[in-house]
Amino acid sequence: MPVQKTEKIWHNGKLIEWDAASVHITSHVISYGSSLFEGIRCYATPSGPAIFRAREHAQRLVNSCRIYRIELPYSTEQLVQAMVEVVRVNKLPHCYLRPIVLRGYGEVGVTPFKSPIETYIACWPWGGYLGEDAVEKGVDVCISSWSRMAPNTLPAMAKSGANYMNSQLIKMEALLNGYVEGIALDTQGLVSEGSGENLFIIREGTAITPPLTNAILPGITRDTVITLCRDLDIPLLERPIPREELYLADEVFFVGTATEITPIRSIDKIQIGNGRRGPVTKKLQDEFFALVKGEKADRYAWLTLINQPARVAASR
């Protein structure tokens with residue numbers, strides 16, 4: 001899905017023109033993948049545009065930078081205010097935001113310490129990631145031949161650009177084999193996540209999702225669904241999932257900023273449940289979309305309104 005150009009991008013505390021946001025070819029990030037980023041949705045609500053869980057995303061970006069020894073010169077609150085500013089100036093009713101921190105133009109070599117830290121926040125209109133009807137009809141996926149990162153190699157808890165080279169291999173393999181997405185296993189052969197999504201299964205009414213120890217990103221939407229399960233009295237387990245349990249599940253669905261909550265109708269050409277969106281998935285979708293679109297009261301303080309003073313959720 002092509003990026004739709006907007007007017008302004010936030011860069012190191014200032015708004016610049018879209019076309020002025022450039023990186024030199026010899027910047028550290030180009031050769032060595034030294035970037036940390038976030039993907040965030042801003043939804044249209046009756047009260048105007050609202051960023052979903054802005055503070056949690058900002059905090060995860062701060063955490064990713066800490067893991068990679070990047071001294072980010074902005075607090076979570078400053079990052080949230082910058083997100084609000086860039087959405088407001090671009091006058092978008094809804095959009096996708098991409099904050100990114102990278103090591104820029106400095107010395108050549110693996111050692112990154114003398115390369116400057118650059119922080120950007122861009123936003124643009126964006127629709128459904130896995131297809132406009134995927135949220136209702138579901139998608140066909142496969143188990144990837146590529147595993148997620150082994151422990152103590154690349155940190156899965158950091159949302160780094162380097163990790164997404166692995167994601168690209170998973171996604172390309174799936175597409176070339178006729179699927180919409182791939183599911184990766186960890187190096188022990190247990191279910192990890194999709195190329196850019198966390199995953200839940202439903203068995204006999206219980207929602208089950210892999211724990212952080214299965215090389216998954218600590219997803220904001222994953223945390224959202226865990227919270228909704230508890231409030232909707234859906235039994236929940238965080239435990240390892242063997243590959244074959246995917247085929248036996250009553251329902252399986254992806255969760256993520258881009259995918260939101262997307263049902264999976266088949267895995268490796270094995271039909272999941274009835275081959276369509278299941279009742280637990282729909283129940284969670286209905287509650288999720290009602291909250292993010294402002295159709296229900298924001299009882300968790302998850303929405304940061306653009307046209308009012310920034311409302312920042314308390315730390316979780």
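Strands β9 and β10 form a hairpin with 5 residues between them, and Gly 189 in the turn has a positive phi of about 85 degrees. Strands are DSSP runs of E with at least two residues, helices are runs of H or I with at least four, and both are numbered from the N terminus. The model is predicted, so local features need pLDDT of at least 70 and side-chain atom pairs count only at pLDDT 80 or more, whereas totals for chains, interfaces and linings use all residues. Residues are numbered from 1 along each chain as its sequence is written, and side-chain values use heavy atoms, with hydrogens and water left out.

Leu 185 stands opposite Val 191 in β10.

Helix α2 (residues 54-67) has 14 residues and reaches 20 Å from its first C-alpha to its last, close to the 20 Å expected at 1.5 Å a residue, a span taken as 1.5 Å times one less than the number of residues. Of its 14 residues, 10 are buried (under 20% relative accessible area, 1.4 Å probe, protein chains only), including Glu 56, His 57 and Cys 65. Just after α2, Arg 69 takes a positive phi of about 60 degrees.

The axes of α2 and helix α3 (residues 76-90), lines fitted to C-alpha atoms over the stretch in contact, come within 9 Å and cross at roughly 125 degrees. The contact (heavy atoms within 4.5 Å) involves, among others, Ala 58 and Leu 61 of α2 and Leu 79 and Met 83 of α3.

How values were computed: Pairing = 2+ DSSP bridges. Buried < 20%, exposed > 50% of the residue type's maximum accessible area, 1.4 Å probe, protein only. Axes fitted to C-alpha atoms, helices over the stretch in contact; angles between N-to-C directions.
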